[in-house]
Amino acid sequence: MALRVFNVLKREKVDFVPITPGKINMYVCGPTVYDNSHLGHAKTYLSFDMVVRYLRYRGNDVLYVQNLTDVGHLLDTGEDRILKKARQASALPMQVVETYARSYFEDMDALGVTRPDISPRASGHIPEQIAMVETLIHKGHAYVADDGVYFDVGSYPEYGKLSNRRVEEGEAGSRALKGKGKRSAEDFALWILATEEHILQWDSPWGRGYPGWHIECSAMAGKYLGATFDLHGGGIDNIFPHNECEIAQSEAANDAPFANYWLLVGSLTVDGQKMSKSLGNFVTLKDALKRHRPEVIRYFIYQSHYSNPIDYSDGALEAAGSGWERMMTAVRFARDKLRHPVAGVSPDAASIFLPVLEDYKAKFIEAMDDDFNAPNAIAILQSLTTEVNKLLNSAQPVGVEVLKAINDHYLELGGKVLGIVPEAESTSGADAARLEGVVRMLIEMRAQARKEKQFARADQIRDQLKDLGIVLEDRADGTFFRVE
Ligand SMILES: [Zn+2]
């Protein structure tokens with residue numbers, strides 16, 4: 001079966017056909033780097049990580065571009081988010097940008113998110129944005145006003161085709177802040193003339209200023225992926241005005257379709273309300289990662305379809321943790337048995353179980369081909385877990401070939417595609433601290449047993465730990481342990 005996706009632009013599920021077979025050009029709207037990322041951001045970027053991983057797993061050559069917004073993303077008050085933060089922190093705007101760009105990648109790396117191939121920054125593409133605005137003026141799609149340059153929405157009749165909207169809510173009231181020179185409420189800024197105190201400003205044919213937020217994505221997508229490319233992604237909340245404006249600018253400037261497929265990710269909510277900085281209902285990724293394994297955060301996000309919202313609570317993440325632990329029992333079981341292989345295995349087990357594994361793999365691919373249905377893919381891994389546990393708990397000895405195949409299947413589907421099965425169990429962060437505490441406790445119990453001359457008991461503790469891959473070493477300065 002071919003990959004099918006829900007294309008927001010067409011409002012229907014369709015076959016995904018790239019412009020060049022086997023080559024996929026993809027653009028995702030990235031974060032505005034003015035603060036630490038929270039779980040809401042993780043929902044968007046983990047979703048596209050799953051998309052990229054799966055497309056590559058299926059043999060496609062994917063060029064993945066995701067921008068970093070470091071200028072022009074204004075608050076409703078008309079203030080630039082980055083300048084506001086810079087003022088609060090008494091820092092230069094580019095210090096703020098650098099700090100939070102690093103923080104973003106640090107969090108994404110910790111979550112196992114594949115880095116985009118190109119992470120272009122708006123401030124690094126000012127000439128490209130100016131050139132695009134010039135083209136739009138030249139083609140009669142933009143006009144120069146006293147305070148900047150605006151896109152003339154009336155000149156582009158298809159405006160609204162992605163979101164079914166044309167005017168921002170409350171536009172009439174905030175119009176004064178969003179551009180005095182606009183001819184129509186629908187129009188939006190391409191270039192904004194800067195006042196003296198606005199630190200981020202560049203020369204342009206229309207005077208010193210800075211680009212409007214939307215133009216950066218059009219200019220950078222065009223530069224790296226061409227006028228028309230395969231897939232555009234982002235969070236559903238940016239569908240209007242941001243994504244709508246991107247389409248208008250690009251198609252009007254290039255006289256060509258922009259992205260063929262639009263995939264938009266549902267929001268992460270808290271008690272039904274979107275998790276956001278402004279509502280204060282957010283959990284930063286740094287805090288979440290202190291309390292949960294990255295695989296569990298991924299498992300939680302992938303439990304709902306990328307296009308749906310997901311409601312966050314401590315309980316929901318804990319439930320995801322239990323589901324993940326259940327799946328991992330089979331992986332750990334297989335790995336444990338691989339460390340202690342049994343001789344004299346009947347060849348039947350392989351001939352019966354290897355086709356079962358292949359069958360689950362086929363079902364997994366079928367689920368993912370159906371608009372990246374990760375929740376179904378996870379359910380299939382859970383059914384596989386039931387089968388594996390049954391096999392490994394049975395009296396029948398299982399040979400190395402089958403054990404290896406089980407581990408490989410989990411690593412391929414759960415690991416490579418979804419990033420929820422680690423290659424080896426990491427003992428970093430909270431888990432490591434917990435493990436160390438438990439091992440130290442056992443070391444003390446063993447020392448106590450030896451003091452009481454219960455040597456058999458002491459040896460039993462050492463041997464059982466060794467079976468779990470934890471080796472104790474007695475040295476002159478105490479007992480130490482290492483994890484094998
Ligand atoms: Zn964008």
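Which residue is the bridge partner of F6 in β2? In β2, that partner is K13. Welcome to a short tour of a predicted model, in which local features need pLDDT of at least 70, side-chain atom pairs count only at pLDDT 80 or more, and totals for chains, interfaces and linings use all residues. Residues are numbered from 1 along each chain as its sequence is written.

**The chain overall**

- The chain has 15 helices and 15 strands; both are DSSP runs numbered from the N terminus, with helices being H or I of at least four residues and strands E of at least two.
- Along the principal axes, the C-alpha atoms fill a box of roughly 90 × 55 × 35 Å.
- Of the 484 residues, 39% count as buried (20 or more other C-beta atoms within 10 Å of a residue's own; 12 or fewer is exposed, in between is partly exposed, and C-beta atoms are placed from the backbone).
- Among contacts between residues at least 6 apart in sequence, 75% join residues at least 24 apart, a contact being two C-beta atoms, placed from the backbone, within 7 Å.

**The β1–β2 hairpin**

- Strand β1 (residues 4-7) and strand β2 (residues 12-15) run antiparallel and are joined by four bridges; strands pair if DSSP finds at least two bridges between them.
- Four residues lie between the two strands of this hairpin, and R11 in the turn has a positive phi of about 60 degrees.

**Helices α4 and α7**

- Two packed helices are described by the angle between their axes and the distance between the axes.
- For helix α4 (residues 126-138) and helix α7 (residues 239-254), the axes come within 9 Å and cross at roughly 65 degrees; axes are lines fitted to C-alpha atoms, for helices over the stretch in contact, with angles from 0 to 180 degrees between N-to-C directions.
- α4 and α7 are therefore roughly perpendicular to each other (65 to 115 degrees; under 35 is roughly parallel, over 145 roughly antiparallel, and the rest oblique).
- M132, T135 and L136 in α4 meet Q249, A252 and A253 in α7.
- By class, this contact of α4 with α7 has four nonpolar, two polar and no charged residues (Ala, Val, Leu, Ile, Met, Phe, Trp, Tyr, Cys and Pro are nonpolar, Asp, Glu, Lys and Arg charged, and the others, Gly among them, polar).

**A look at Q382**

- Q382 sits in helix α12 (residues 374-393).
- With 13 other C-beta atoms within 10 Å, Q382 is partly exposed.
- Leaving aside residues up to four places away in sequence, Q382 touches R326 and M327.
- Q382 and E98 are 284 residues apart along the chain, and their C-alpha atoms are separated by 41 Å.
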